[in-house]
Amino acid sequence: VEITASGKSSIDSDDKYANHLVFDCKNAVIDSNLVINGDYINLKNMTVKGNLVLREAVKSSFYLDNVKIEKKTIVSDNVQVASVQSNSLYNSLSFQTVASLSTVGFSSPNASIIFNNSKLGALEINKPNAMVEVIGKTEASSVSINSRVKFSADAATIIPKITIEAGVESVEINSNVEDVLIIGNGSITITGNGNFGHMIASVASIVTVNSSGKIGLLKTIDKDSKFILGKDTKISDLQLPAGVDPKTAIPNYDNVIVNIQNIGGKENPDFIPGKVVSQPSAGPSIPTNRPPVV
């Protein structure tokens with residue numbers, strides 16, 4: 001199933017969705033993939049048995065409300081749709097990203113994509129210069145961000161794992177997340193007030209963390225990955241590769257030592273008493289003794 005119709009931009013400053021094309025499906029079930037290839041669309045009150053795919057025609061605005069996606073939610077300009085043999089209609093389409101990541105700088109967002117009070121399955125984002133917001137009680141089994149986007153998640157959302165790859169410029173996370181993995185990203189800024197069970201950087205990632213929440217375990221996999229920490233970011237334990245000095249892995253270490261309680265499971269000699277950082281919980285379902293995901 002593909003929607004190619006489009007609404008129009010709103011001239012009402014009090015209602016930016018006034019001229020959107022609204023599809024209120026009244027709790028209908030679509031037993032297939034659903035492809036959105038139009039703009040200025042509101043989609044609400046439905047279940048999609050397959051994937052929800054937002055394609056290149058979503059250039060300005062898309063709003064999803066009270067929708068359950070049983071497989072994946074894919075936001076990408078580079079999705080190719082091909083038929084395959086299957087007994088199930090919702091398996092009749094397959095998806096493959098064929099273009100490389102954008103390397104141009106981030107400009108004003110081209111598309112505003114909002115998911116409200118919905119269940120998204122695994123959320124995959126590869127749409128350069130988009131702004132993607134996850135709000136209300138939206139749930140995603142995981143989030144993978146693969147291009148220069150701005151992503152934000154509200155406090156009430158449920159996201160166990162976020163993977164941030166090369167090209168992503170900024171991420172705002174106000175929800176509690178079990179694992180945040182940064183892979184091969186040379187310059188990424190993470191803001192918000194969410195708590196994280198584990199935040200792990202690899203493949204020469206340079207991560208600026210300006211969040212006011214707590215991180216249970218902050219870890220670099222390789223000697224070239226670094227964290228620059230904000231004054232309000234609190235760390236329970238810092239884990240570094242053998243031979244890597246904390247001042248190398250955290251260039252502003254001297255300014256934030258008060259917020260790092262342990263290094264490699266041992267008390268930080270530079271930690272200032274009176275500022276004890278307790279082990280954070282990244283959500284009620286996250287065990288504190290679970291090893292990090294790498």
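A: pLDDT is the predictor's confidence in each residue, on a scale from 0 to 100. This is a predicted model, and the protein chain averages a pLDDT of 83, with 82% of the residues scoring at least 70. Two stretches need caution. Over residues 81-108 the pLDDT stays under 50, and the model has 57 contacts beyond four places in sequence for them. Residues 276-294 also have a pLDDT below 50, with 46 contacts beyond near neighbours in sequence. Where pLDDT is low, the predicted coordinates should not be read in detail.

Now the sheet itself. Ten strands form an open sheet with parallel pairing, in the order β2-β4-β6-β10-β12-β14-β16-β18-β20-β22. Its edge strands are β2 (21-30) and β22 (226-229), each of which pairs on one side only. On average, neighbouring strands of this sheet are turned by 15° against each other, direction ignored. Strands of a sheet pair through backbone hydrogen bonds, either parallel or antiparallel. Gly192 stands opposite Ser211 in β20.

Strand β19 (residues 196-202) contains Ile200. Ile200 has a relative accessible area of 5%, and because buried means under 20%, this residue counts as buried. Ile200 and Thr220 lie 20 residues apart in sequence, and their C-alpha atoms are 5.8 Å apart in space.

Most residues other than glycine have a negative phi. Asn27, however, has a positive phi, near 70°, and Asn129 likewise has a positive phi near 70°. With a relative accessibility of 59%, Asn27 is exposed, because the cut-off for exposed is over 50%. Asn129 is placed in the loop between β11 (122-126) and β12 (130-135). At 9% relative accessibility, Asn129 is buried.

Finally, the nonpolar interior. In soluble globular proteins, nonpolar side chains tend to be buried together. The largest nonpolar core here has 61 residues, and those with the most contacts inside it are Phe115 and Phe151. Leaving aside neighbours within four places in sequence, Phe115 is in contact with residues including Leu54, Phe62, Leu64, Val75, Leu120 and Leu123. Among its other contacts are Val132, Val134 and Ile135, and strand β12 covers 130-135. The contacts of Phe115 also include Thr73, Glu133 and Thr138.

Methods:
Residues numbered from 1 in each chain as written. Predicted model: local features only at pLDDT ≥ 70, side-chain atom pairs only at ≥ 80, totals over all residues. Heavy atoms only, no water. Pairing = 2+ DSSP bridges. Helix = DSSP H or I, 4+ residues; strand = E, 2+ residues; numbered from the N terminus. Axes fitted to C-alpha atoms, helices over the stretch in contact; angles between N-to-C directions. Buried < 20%, exposed > 50% of the residue type's maximum accessible area, 1.4 Å probe, protein only. Core = buried A, V, L, I, M, F, W, Y, C linked by side-chain atoms within 4.5 Å. Contact = heavy atoms within 4.5 Å.
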